[in-house]
Amino acid sequence: MSAPVIFENAEIVTADTQFRGYVISQDGFITEIGEGRAPEKGLDLKGDYLLPGLVELHTDHLEVHFMPRPKVEWPAISAVLAHDAQVIGAGITTVFDALRVGNDYDEEKFGARMKKLANAVASAKADDLTRAEHFLHLRCEISCADVVEEMEQFLTDPNLKLVSVMDHTPGQRQFTDVSKWKQYYGGKKNVSDAQLDETIQRRMTIFAKYSEKNRQDIIERCQRHAIAIASHDDATAEHVAEAVRDGMHIAEFPTTIEAAEASHEAGLKVLMGAPNVVRGGSHSGNVGAQTLAEAGVLDVLSSDYVPTSLLMGAFALRDIKAVGSLAGAIRLVSKNPAEAAGLTDRGEIAKGKRTDVLRVSMAGEQPIVREVWREGRRVA
Ligand SMILES: [Fe+2]
């Protein structure tokens with residue numbers, strides 16, 4: 001047994017309350033929590049918060065480090081480590097790196113590239129190079145002909161613990177309004193209106209041909225490999241009914257309050273983007289995370305495209321009555337996502353859980369991550 005780590009004089013936030021006290025960790029796990037003074041001298045946190053390490057289910061930030069410019073591919077291990085440094089600095093001790101599969105007919109296939117990244121994550125983990133613990137979240141675009149074939153090459157990867165089933169066809173879900181799709185993709189690709197209309201027609205045809213079969217094939221494979229499944233951009237009661245029928249665990253980015261309420265009531269964990277909270281609304285004009293928090297149907301926040309937004313988003317929601325103060329807000333970024341992904345050994349400051357913890361102080365309204373421990377080891 002190694003020497004215990006004692007955190008004292010800390011404002012401890014557990015899954016349901018907060019108090020001034022101490023936490024003792026032994027060999028990577030929390031063995032004792034108490035109010036008031038610690039039985040022995042330890043690390044004096046001087047009244048700063050001691051929070052559970054954050055659990056992030058959906059970040060596309062790894063891809064950003066791997067392709068820092070269009071067509072520029074950075075060495076995969078270096079990309080993983082740069083991404084790791086950023087997430088651990090944001091207080092994220094468990095991260096699900098999102099990788100996309102499924103190619104449009106005119107795109108270069110990126111499955112092989114994603115596989116390279118998945119292999120780099122596995123080798124960085126094996127060599128104990130990462131400070132956060134990394135898993136994979138495979139994002140499957142079901143309207144693409146090759147999506148099942150592409151996803152299959154990841155199925156035996158032990159890091160794959162979450163799969164989401166997405167459909168970004170114009171006229172569906174996130175893009176019920178086709179003009180929104182035009183704005184989004186037209187802005188990204190700089191193509192003419194006529195070309196966009198042609199793409200829309202083609203994608204709708206492909207959707208009709210492949211989507212339902214691909215969806216079922218992917219779900220069947222996830223169930224066989226005991227991988228958690230997320231629905232994406234649910235907009236209607238029918239979408240939610242399908243997600244429930246298919247045994248999904250998470251509803252990512254529902255676009256309407258109706259879909260979010262129905263998902264939450266059916267026991268799916270409703271996940272929304274923290275940047276949406278920080279910016280005060282959705283970039284695509286759909287229902288906002290804050291609205292769902294106020295309605296008491298928000299379960300999980302995700303940093304999506306800005307790692308530091310996770311803690312900022314949680315703090316920004318702490319005064320909402322239905323969220324239930326800071327403990328309730330922190331649950332959205334720790335215990336709830338851990339449970340949603342099937343990780344029962346972490347996600348809260350509680351006896352027997354992993355010592356994944358953060359020291360956080362405030363600079364005005366801005367939470368600042370001062371120190372980070374993973375399994376009792378100081379990593380940032
Ligand atoms: Fe989407």
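1. V55 stands opposite T94 in strand 7. Strand 7 covers residues 92-101 and runs parallel to strand 6, with four bridges joining them. Two strands count as paired if DSSP finds at least two bridges between them. Strands here are DSSP runs of E with at least two residues, helices are runs of H or I with at least four, and both are numbered from the N terminus.

2. A word on the source: this is a predicted model, where local features need pLDDT of at least 70, side-chain atom pairs count only at pLDDT 80 or more, and totals for chains, interfaces and linings use all residues. Residues are numbered from 1 along each chain as its sequence is written.

3. Axes are lines fitted to C-alpha atoms, for helices over the stretch in contact, and angles run from 0 to 180 degrees between N-to-C directions.

4. Helix 2 (residues 76-89) packs on helix 3 (residues 111-126) at an angle of about 65 degrees, with the axes 9 Å apart. That makes helix 2 roughly perpendicular to helix 3. The scale is this: under 35 degrees is roughly parallel, over 145 roughly antiparallel, 65 to 115 roughly perpendicular, and the rest oblique. The crossing is right-handed.

5. Which residues of helix 2 and helix 3 make the contact? Helix 2 supplies A76, I77, V80 and L81. Helix 3 supplies K116, L117, A120, V121, S123 and A124. Contact requires C-beta atoms, placed from the backbone, within 7 Å. By class, the contact has eight nonpolar, one polar and one charged residues. Nonpolar covers Ala, Val, Leu, Ile, Met, Phe, Trp, Tyr, Cys and Pro; charged covers Asp, Glu, Lys and Arg; the others, Gly among them, are polar.

6. The loop between helix 3 and strand 8 holds D128 and R131. D128 counts as exposed because it has 7 C-beta neighbours inside 10 Å. R131 has 20 such neighbours inside 10 Å, so R131 counts as buried. The cut-offs use C-beta atoms placed from the backbone: 20 or more others within 10 Å is buried, 12 or fewer is exposed, and in between is partly exposed.

7. R131 and D84 are 47 residues apart in sequence, yet 6.6 Å apart in space, C-alpha to C-alpha. Leaving aside neighbours within four places in sequence, R131 is in contact with D84, I88, R374, V379 and A380.

8. Check the backbone at D128, where phi is near 55 degrees. Phi of N9 is also near 55 degrees. Most residues other than glycine have a negative phi. N9 lies in strand 1 (residues 5-13). With 18 C-beta neighbours inside 10 Å, N9 counts as partly exposed.

9. In helix 8 (residues 257-265), the buried residues are A259, A260, A262, S263 and H264. They pack against helix 7 (237-245), strand 11 (250-252), strand 12 (269-273) and helix 10 (289-294). Just after helix 8, G267 takes a positive phi of about 95 degrees.

Note on methods
A crossing is left-handed if the near helix is turned anticlockwise from the far one by less than a right angle, and right-handed if clockwise. Two residues are in contact if their C-beta atoms, placed from the backbone, lie within 7 Å.
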